[in-house]
Amino acid sequence: MDHFFYRENRLFCEQVPLDRIAQAVGTPFYCYSEQTLLHHFTVFQQAFASCSHLICYSVKANSNLAVLDALLRQGAGFDIVSGGELARVQRVGCPPERIVFSGVGKTVAEMRAALEYGILLFNVESVGELHRLNELAGRLGRRAPVALRINPDVDPQTHPHISTGLRNNKFGIPYSQALDLYREAARMAHVTVLGLDCHIGSQLTALEPFVDALRRVLVLLGALEREGISLRYLDLGGGLGIPYEDGRLPPHPGLYAGALLAEWANTPFAQRNGTLILEPGRVIAGNAGVLVARVEYVKEGEEKLFVILDAGMNDLIRPALYNAYHAILPVARRFGQEERVADVVGPICESGDFFARDRLLPPFQEGDLLAVRSTGAYGFTMSSNYNTRPRVAEVMVRGDRFMVVRRRETVEQLMENESLFPVEASPGPALF
Ligand code: LLP
């Protein structure tokens, strides 16, 4: 459920018409509905109410401070993958015991910052990382809280770029090596083995892969128990899909939780009151945001009709990268006009710069506003400055009010860190 709807043929976000925001902040901009965000989080949270759990929202999906702050106030923890994301969750005041740190390439500096803050868990993805963390913790006079991320080798049946739980993916520790590595970790002087983690992919629309992965890791948990290694946390990652197209509905969080909890309920781990951690990203933020853009031109090609926007692939790269479908809605709905098949494209010099291809759409005209739906997750966070395009503004709506939660960048800012290399300059220590 979301809070984007038409009232008198104007598209609203909660109680604010999107055209009013466009007038105030210009286009393009991302617009987030706080109520939708919180609703999604609460539904997800409640689905796991019957067991001890921690919902660590995956910051990479949408890392705007206002988004993080709203979720934190609702009781969220966070799944981070970089020192930058750690800084963000620290900035909004997230307590360390609500942070888990994932990722295959953690640097020493990132590990140190997380150790010093005292986060809940490092989701360790390789032998090398485990050794590095142990040494560093020793040097800092600390113990590192660790979960091993296990690659369960199940097919998530999603786009290959966002599948992570197959044996040929770079993620996690191979299932066959897991037991040995747990034994080794349990003997390490500066590491406390607390958990097991697994994340198999993103935008999953079936429950079976989640259940298969859980069954596989429960077998491992059983084997660990028998060796006297008993864990406190089981982190099942994120990955639950969202509806992008009408009629193709992924399972509701309630069904997802039900399927997982059915497997989990009778395990010794659950009976000892172990804590389940989840790392949802897209399902919380995806349908809480839209990208609003203006039509610059409508161009009749020989074979196609092109609707050219002021937003481009640098603002939303999902169609180019995954051939992703995003619904497109007019901000002002008009009736009685025949729809036409068109390509909706951006101004960038690449044919991959599109939002929709061969899509039946209302007959957009120059100056019209439209909304690209389901872009609250992996929209702004994956945007870039390609073509020296400043990243767009982000706006949050709360009831009948809205606020710019990230100002539009300026071209001046984009050039700020650059310098000329003067031809006359003599080489010296200042020039490197
Ligand atoms: N946990 C870990 C360790 C992850 O790698 C991810 C996503 C998540 C949680 C959150 O997954 P979610 O619940 O959002 O599916 N850019 C792609 C998605 C990449 C997902 C990467 N990892 C897209 O736009 O579809």
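Domain bounds here come from an automatic or database domain assignment. In this predicted model, the protein chain is assigned two parts: domain 1, covering 4-29 + 288-415, and domain 2, covering 32-285. Taken over C-alpha atoms, the centres of domain 1 and domain 2 are 32 Å apart. The points below take the interface, then local features.

**Extent of the domain interface**

- The size of an interface is often given as the accessible area lost when the parts come together.
- Between domain 1 and domain 2 the buried area is about 2200 Å², and carbon and sulfur atoms give 52% of that area.
- On the side of domain 1, the residues that lose the most area to domain 2 are Ala288, Tyr378 and Met396; together they make up 29% of what that side buries.
- Counted by contact, 24 residues of domain 1 meet 26 residues of domain 2.

**Polar and charged pairs across the interface**

- The rule finds 1 salt bridge across the interface of domain 1 and domain 2.
- Polar contacts across this interface link 16 residue pairs, with both residues at pLDDT 80 or more.
- Three elements, α12 (318-322), β20 (393-398) and β21 (401-406), each give two or more residues to the side of domain 1 that touches domain 2.
- Strand β20 supplies the largest share of that side, with 5 residues.
- By class, the side of domain 1 that touches domain 2 consists of 14 nonpolar, 5 polar and 5 charged residues.

**Salt bridges**

- The structure holds 18 salt bridges.
- One of them pairs glutamate 129 with lysine 106, whose closest N and O atoms are 2.5 Å apart.
- Glutamate 129 belongs to helix α6 (residues 127-139), while lysine 106 sits in the loop between β7 (99-101) and α5 (108-117), so this pair ties together parts that are 23 residues apart in sequence.
- Another salt bridge joins the side chains of arginine 398 and glutamate 34, with an N to O distance of 2.6 Å.

**The sheet β1-β2-β3**

- An open sheet is formed by 3 strands in the order β1-β2-β3, with antiparallel pairing.
- Its edge strands, β1 (4-7) and β3 (16-17), each pair on one side only.
- Strand β2 (residues 10-13) is joined to β3 by 2 bridges, and these two strands run antiparallel.
- Phenylalanine 12 has proline 17, in β3, as its bridge partner.

**Backbone exceptions**

- Most residues other than glycine have a negative phi, and most peptide bonds are trans.
- The peptide bond between threonine 27 and proline 28 is cis, with omega about -10°.
- Proline 28 lies in the loop between α1 (18-25) and β4 (29-33).
- Glutamine 203, a residue other than glycine, has a positive phi near 55°.
- Glutamine 203 is placed in the loop between β11 (191-197) and α8 (208-226).

How values were computed
Residues are numbered from 1 along each chain as its sequence is written. This is a predicted model: local features need pLDDT of at least 70, side-chain atom pairs count only at pLDDT 80 or more; totals for chains, interfaces and linings use all residues. Side-chain values use heavy atoms; hydrogens and water are left out. Contact means heavy atoms within 4.5 Å. Buried area is the accessible area (1.4 Å probe) that two parts lose on being put together, summed over both. A salt bridge is a side-chain nitrogen of Lys or Arg within 4 Å of a carboxyl oxygen of Asp or Glu. A polar contact is a pair of N or O atoms within 3.5 Å; within protein, one must be able to donate a hydrogen and the other to accept it, and residues adjacent in sequence count only if both atoms are side-chain atoms. Helices (H or I, at least four residues) and strands (E, at least two) are DSSP runs, numbered from the N terminus. Ala, Val, Leu, Ile, Met, Phe, Trp, Tyr, Cys and Pro count as nonpolar, Asp, Glu, Lys and Arg as charged, and the others, Gly among them, as polar. Two strands pair if DSSP finds at least two bridges between them.
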